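Please look over the sequence and the model shown below.

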Amino acid sequence: MLSDRFGRAIDYLRLSVTDRCDLRCSYCLPKGFKGFEEPAHWLTFDEIERVAAAFVRLGARRIRLTGGEPLLRRELPLLAGRLSALPGLADLSLSTNATQLERHAKALRQAGVKRLNVSLDSLRRDCVAELTGSDSLPKALAGLSAAKAAGFERIKINMVPIAGVNDGDIEAMAEFCIEHGFILRLIEAMPMGDSGRGARGSELAPILERLGPRFGLSELSVSLGGGPARYWGSSDGRFTLGLITPISQHFCASCNRLRMSVDGTLYLCLGQEQRFELRPLLRAGCSDAELEAAIRAAIELKPEKHDFLEAPAKVMRFMSQTGG
């Protein structure tokens with residue numbers, strides 16, 4: 001099993017397959033942003049599979065495909081099928097905004113993707129258009145319908161509450177998730193890039209106090225995936241709420257993940273700048289042993305914690321550049 005210098009087991013890799021996105025969520029990418037990675041620098045499917053296989057040999061058990069919007073990468077179900085076949089991989093999942101999901105849901109499920117995280121911040125069409133810069137709600141709802149029909153093991157709705165924008169929509173989103181059997185997860189906005197620092201993210205503790213009595217919530221001891229969310233459930237079992245609190249109650253002591261951007265850069269922490277580039281090694285023809293040694297060296301760079309509160313202006317890159 002991989003572990004870092006602080007004794008944390010590293011068993012979760014988040015693989016970005018593109019930094020492009022068809023939306024411009026206000027807390028993620030600024031309008032007019034054009035600083036995307038050159039396609040010649042994107043890792044090929046062969047290179048991505050090599051890295052993923054090395055991580056699995058070293059003990060990683062979970063892989064999530066991310067972006068940008070990963071479904072903008074052509075032939076993504078083919079890559080998913082190759083990764084799901086890796087011996088020792090227990091879980092392959094995908095993060096998406098669902099605008100392209102209607103066309104791909106069935107193929108992704110058949111390729112071995114087990115779970116989906118879908119970013120959706122409101123059920124009001126005008127609010128979604130304001131937050132994403134696009135009238136994208138109808139496409140997202142059609143994608144969710146297709147995903148439900150495709151039979152994924154679990155579908156989570158990721159919502160970032162922004163004060164004065166969509167924080168009043170949480171109850172409606174909860175009712176929507178109850179109706180469709182989805183899990184609702186609320187995420188505190190992180191100060192990544194100018195857009196992230198400009199978001200008026202809401203602390204989640206007061207929201208939990210608001211939702212608890214209405215839905216009869218009590219804290220659950222189960223872990224629904226490999227991430228940092230803490231979960232609450234309704235007494236009738238119909239509603240599950242997850243909270244991800246990187247700002248108000250950080251979870252750095254139990255961080256078990258690394259992120260790899262589309263150009264093969266390993267990012268060791270969302271809130272720090274430590275990184276390790278794998279692409280030069282891959283394209284120089286490194287052996288599997290050399291690749292595994294590089295991964296171990298990268299993990300030694302993983303910091304103890306982020307500095308989102310102490311130094312909110314430290315991280316200049318946007319989330320889409322890092323891999324969600």
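**Two packed helices**

Helix H1 (residues 45–57) packs against helix H10 (residues 288–299) at an angle of about 70°, and their axes lie 10 Å apart. Helices here are DSSP runs (H or I) of at least four residues and strands are DSSP runs (E) of at least two, numbered from the N terminus. Axes are lines fitted to C-alpha atoms, for helices over the stretch in contact, and angles run from 0 to 180 degrees between N-to-C directions. H1 and H10 are therefore roughly perpendicular to each other (65 to 115 degrees; under 35 counts as roughly parallel, over 145 as roughly antiparallel, and the rest as oblique). On the H1 side, the contact (heavy atoms within 4.5 Å) is made by Arg50, Val51, Ala54, Phe55 and Arg57, and on the H10 side by Asp288, Leu291, Glu292 and Ile295. By class, the contact of H1 with H10 has five nonpolar, no polar and four charged residues. Ala, Val, Leu, Ile, Met, Phe, Trp, Tyr, Cys and Pro count as nonpolar, Asp, Glu, Lys and Arg as charged, and the others, Gly among them, as polar.

The model is predicted: local features need pLDDT of at least 70, side-chain atom pairs count only at pLDDT 80 or more, and totals for chains, interfaces and linings use all residues. Residues are numbered from 1 along each chain as its sequence is written, and side-chain values use heavy atoms, with hydrogens and water left out.

Not counting residues up to four places away in sequence, arginine 50 touches Leu282, Cys286, Ser287, Asp288 and Leu291. At 27% relative accessibility, arginine 50 is partly exposed. Buried means under 20% relative accessible area, exposed over 50%, and partly exposed in between, with a 1.4 Å probe and protein chains only.

Which residues of helix H6 (residues 170–180) are buried? They are Ile170, Glu171, Met173, Ala174, Phe176, Cys177 and Ile178. Their cover includes helix H5 (137–150), strand E7 (154–159), strand E8 (183–187) and helix H8 (205–215). After H6 comes glycine 181, with a positive phi near 75°.

UniProt, in an unreviewed entry, places the feature "binding site" at Cys252, Cys255 and Cys269; its positions are given in the numbering used here, feature names are shortened, and annotations may be inferred rather than shown by experiment. These residues span 18 residues in sequence, yet no two of their C-alpha atoms are more than 9.2 Å apart, so they gather at one spot. Cysteine 252 lies in the loop between strand E11 (240–244) and strand E12 (257–260) and is buried at 8%. Cysteine 255 is found in the loop between E11 and E12, and with 14% relative accessibility it is buried. The structure holds zero disulfides (pairs of cysteine sulfur atoms within 2.5 Å). The sulfur of cysteine 255 is 6.7 Å from the closest cysteine sulfur, in cysteine 269, too far for a bond.

Some backbone details remain. A cis peptide bond joins glycine 67 and glycine 68, with omega about 25°. Glycine 68 sits in the loop between strand E4 (62–66) and helix H2 (76–84). Glutamate 75, in the loop between E4 and H2, has a positive phi of about 60° although it is not a glycine.
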